[in-house]
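Reader: I am new to this structure and would like a close look at one part of it. Please take me slowly through its pockets.

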Amino acid sequence: MALYKTITVNDETSLAIWKVDETEQMLWKNVELTPHCQLRFDGMKSELHRRAFLSIRHLLALYEYEDADLIYDENGKPHLKDGNFISITHSHNFTGIIVSTTEHVGIDIEMQRDKILRIAHKFTPFEEYKTLANTAAVVRKLTIVWGAKESLYKIYGHKGLSFLHHIDVQDFRFDTKNTTAQIIFNGNMSNYKIRFLEFEDFTCVYATRDN
């Protein structure tokens, strides 16, 4: 089984990343889906999506959870039945989860692609990144910013939150591997810690509440 990386964020929070290189048949080992998730699985036309879905169940097992421990609210946000906090992500052949016993958490994995240059204006003031040395650096930075905002959207879990207007990610250097962010929505402001890592042309960003 292809556990790729684990990270301990603090005593209560950790994450795990899976590189999906097994066959679908191999990934079925020791996995049992609830009727709800089996229905979702059966509706997936992409084999890669099905394999990613199953790999996440193996990540859950690392934390001694199974598919039946996972429930989704009306907005599609995942929750654990025991009250612990979880966030889930997948991108191409990588999947990841972050679990915490004490704090809301969010995680996102994205492939670094030039495509992000075309949509940057939809989620961040693009002028901030024009001073970077080259296109590759701009793509890297925009991918981190997108991942941060996606992670925060997952934490917030309510419709109507705008990446462009309601989520602000503070500027950062690549070598710091972290930054901060704020959500200002419906007159309320909340602060978050953002951390990121890059591997094999992918970016993983994860967020926790900054109390």
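How many nonpolar, polar and charged residues are in the lining of the largest pocket?

Author: This is a predicted model, in which local features need pLDDT of at least 70 and side-chain atom pairs count only at pLDDT 80 or more, while totals for chains, interfaces and linings use all residues. Residues are numbered from 1 along each chain as its sequence is written, and side-chain values use heavy atoms, with hydrogens and water left out.

The lining of the largest pocket has ten nonpolar, eight polar and six charged residues, where Ala, Val, Leu, Ile, Met, Phe, Trp, Tyr, Cys and Pro count as nonpolar, Asp, Glu, Lys and Arg as charged, and the others, Gly among them, as polar. A pocket here is an open set of points on a 1 Å grid over the protein atoms alone, where a 1.4 Å probe fits, with protein on both sides within 12 Å along at least five of seven lines, and lining residues have an atom within 4 Å of a point. The space in the largest pocket is about 460 Å³, counted as that filled by probe spheres set on the points, which are joined across faces, edges and corners. Of its 24 lining residues, Tyr72, Gly76, Pro78, Ile88 and Lys154 are the closest to the centre.

The second largest pocket, of about 180 Å³, is lined by 13 residues, of which Asn30, Val31, Glu32, Glu66 and Asp67 are the closest to its centre. Its lining divides into five nonpolar, three polar and five charged residues. Asn30 has a positive phi, near 65°, although it is not a glycine.
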